[in-house]
Structures are given as C-alpha cells and as structure tokens.
Amino acid sequence: MFYLSSRCVIDIKQLQYLIALDKTQHFGQAAEICHVTQPTLSMRLRNLERELDVILIKRSSRFEGFTEEGEKILQWAKTMQAAYDGLQAEAANFRQQLFGLVRLGIVPLNNIQPISMLQYLSNLLPEVRFHISSSGSEKIIDEINNNSLDIGICYLDKANNEQHEIYPLEKTALGLLYNKQKFIPTEDVISWETVASLPLALLTQANYFRQSVDLTFQRYNLKPTIMLETESTLHLLEAVNSAFCASVIPLDQGIEKMSDNIDIIPIEDTVVNGSLGLLIRREEPRSVLIETCFNAMCDYLKNRNSSN
C-alpha cells in the first residue's frame with residue numbers, strides 16, 4: 001500500500017485496475033484480466049476516487065474515458081506500477097532470481113526476428129514473461145520515457161543518448177515477398193520496376209517503413225499498383241499467401257518461412273532510410289531485470305550479425 005497522507009491509503013491493486021481499464025477501455029474486460037468480478041473492480045476504483053478526492057472516470061452505462069485529472073493520475077499509476085515491478089525484480093535479484101514482466105514496444109517490419117530473440121531470452125530467463133505492443137517510433141519512445149514500456153525497438157529520430165541507452169541495428173535491406181504460384185523470378189535480385197508492376201500490399205502511409213518504400217518508388221519515378229494498405233503485418237502475409245498481392249518487407253524478417261506458398265527475393269539498391277535501434281531509458285527506476293534483458297538482447301543481435 002502507498003500512504004499519501006494520514007487519510008489516504010492506495011493499494012497497488014487499485015492502480016492495476018486503473019491501468020487495466022485504460023488498456024481495455026471496458027469495465028468487464030478490465031475485471032477479467034485482473035481476475036476479479038466487475039462489481040469488485042468498479043467498487044475499488046470508486047474507493048480510489050474517494051481516497052484521492054478526485055473524479056477519475058467518465059461514467060454512464062459504460063466506460064466513456066478518463067477525466068483530465070484521471071489521465072494525469074493514470075500516468076502516475078503507470079510510473080508507480082513500473083516502480084513496484086522494479087522493486088519486486090530487484091528483490092528477486094538479491095535472491096539470485098530474475099522474474100517478472102518485460103514490456104516491449106516494437107515497430108512493425110523491422111530487420112530482426114523478435115520472437116526468435118524472445119525465445120533466446122526465455123531460455124536464459126525462464127521465469128520472465130513478455131508483453132509486445134506494436135506502434136510507431138514516436139509513441140514507443142514516449143512510452144519508454146514515461147515508464148509505460150521497458151524496452152523499445154524503433155527508429156532513432158526522436159531518441160537521444162542523454163535520455164536513452166541505445167544499441168544501433170544494421171540498415172534494413174528490402175525484399176519482395178511473393179506467392180510462388182503467382183510470380184516466378186527470373187533473376188536472383190529484382191528491380192524496383194518489376195516490383196512496381198505487381199499488385200502490392202503495403203503498410204499504411206503513417207508507417208515509417210512504408211514512407212521509406214514510397215520514397216524509393218519516387219526516386220525511380222515509379223507509380224506502384226497498391227491493392228491493399230493495412231496496419232497489420234498478418235494481413236500482408238495473408239494477402240501474399242492467398243496470391244492476392246506481393247509485398248515489400250525486410251529481407252531478414254523470416255516471414256517467408258511461415259508458409260510453403262511464399263518466398264522472398266532481394267530488391268536491388270534497397271535500404272530503409274533511417275536507423276533502427278534497441279533502447280532503454282537511462283533514468284531510474286531501472287530494474288536489474290530490464291538491464292539484464294537489454295544486455296542479453298544486445299548479445300543476441302551481436303551473435304546473429306557475426307554469424308551472417
């Protein structure tokens with residue numbers, strides 16, 4: 001419990017319920033992931049409002065969002081939850097244990113294979129669990145800064161060495177993901193002209209990776225045929241696997257191994273404009289667990305690069 005004054009006592013569970021409500025935007029779903037009944041969750045959140053003497057939640061027959069005060073308290077709740085998790089992990093370290101949840105933010109279509117990396121980490125740290133969210137670099141860095149995420153894999157435009165410890169990644173080479181029944185390459189490397197002639201599925205234009213692909217088409221004065229735009233890499237895979245479209249993806253992503261119907265071929269003269277990196281914040285609180293995972297990820301990437 002946190003004692004804010006002689007009359008105000010906050011239970012860490014109340015903060016967890018608030019964070020769960022932000023994640024799900026739904027009272028019933030928040031209660032479900034917290035393993036309590038909805039009336040219990042609602043009662044505990046009302047108790048939190050009474051203890052703080054502040055209205056946090058806009059209510060009617062359903063959840064309608066947080067008040068302005070609630071949004072600010074939510075950020076404090078996330079910071080306190082991160083500190084609590086770090087405290088637990090630090091105590092476990094003193095007992096020669098490392099366990100807990102590591103929250104990762106990863107931009108879609110990067111040049112690593114995140115699940116392979118997490119398998120490597122899980123073998124080293126079998127009691128550690130992982131949560132991955134996929135979003136743009138700016139959001140990932142903001143959430144690293146406010147302790148909503150622990151580790152980011154993103155483009156480094158908004159990162160800096162004063163605030164973040166950074167491990168830069170190699171430039172991202174591009175390939176054409178294609179259905180082997182729909183397209184048969186005649187060379188070992190294909191041109192952007194050939195890519196532009198095919199029906200394509202690409203990420204939406206808000207995505208940094210897509211913007212870099214668009215700039216390359218512009219450099220070659222090409223107008224591609226874009227049949228599908230999506231925020232989901234799964235939809236890209238489905239579009240290629242069903243022979244609806246081809247797609248431009250990082251060459252080393254490993255997506256082509258997910259189906260016998262598809263393959264990937266390098267595209268000439270291709271790297272993504274912008275540097276990717278692995279980063280954590282420098283400021284405390286920063287737990288031993290997060291530092292250990294970050295260093296293990298760096299080792300994994302160094303070993304992978306040296307074996308390529």
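On a 1 Å grid over the protein atoms alone, a pocket is an open set of points where a 1.4 Å probe fits, with protein on both sides within 12 Å along at least five of seven lines, and its lining residues have an atom within 4 Å of a point. The second largest pocket is lined by 21 residues, among which Pro114, Ile115, Thr233, Gln253 and Ile255 lie nearest its centre. This is a predicted model, in which local features need pLDDT of at least 70 and side-chain atom pairs count only at pLDDT 80 or more, while totals for chains, interfaces and linings use all residues. Residues are numbered from 1 along each chain as its sequence is written, and side-chain values use heavy atoms, with hydrogens and water left out.

**Chain**
- The protein chain has 10 helices and 14 strands, taken as DSSP runs numbered from the N terminus (helices H or I, at least four residues; strands E, at least two).
- Of its 308 residues, 47% count as buried, meaning under 20% relative accessible area with a 1.4 Å probe, protein chains only.
- The C-alpha trace spans about 75 × 50 × 35 Å along its principal axes.
- Among contacts (heavy atoms within 4.5 Å) with a separation of 6 or more, 73% join residues 24 or more positions apart.

**Second largest pocket**
- Its space comes to about 520 Å³, where a volume is the space filled by probe spheres set on grid points joined across faces, edges and corners.
- At least two lining residues each come from α5 (114-124), β6 and α9 (233-241).
- The lining has 11 nonpolar, eight polar and two charged residues; Ala, Val, Leu, Ile, Met, Phe, Trp, Tyr, Cys and Pro count as nonpolar, Asp, Glu, Lys and Arg as charged, and the others, Gly among them, as polar.

**Largest pocket**
- About 1,400 Å³ of space lies in the largest pocket.
- Its lining numbers 42 residues, with Ile19, Gln81, Asp85, Leu101 and Arg103 nearest the centre.
- The elements giving two or more residues to this lining include α1 (12-24), β5 (100-106) and α10 (288-307).
- Helix α4 supplies the largest share, eight residues.
- By class, the lining has 17 nonpolar, 13 polar and 12 charged residues.

**Arg103**
- Arg103 lies in strand β5.
- Arg103 counts as buried because its relative accessibility is 15%.
- The Arg103 side chain reaches the backbone oxygen of Ser148 at 3.2 Å.
- Beyond its neighbours within four places in sequence, Arg103 is in contact with Ala82, His131, Asn147, Ser148, Leu149, Asp150 and Ile151.

Conventions: Buried means under 20% relative accessible area, exposed over 50%, partly exposed in between (1.4 Å probe, protein chains only). A polar contact is a pair of N or O atoms within 3.5 Å; within protein, one must be able to donate a hydrogen and the other to accept it, and residues adjacent in sequence count only if both atoms are side-chain atoms.
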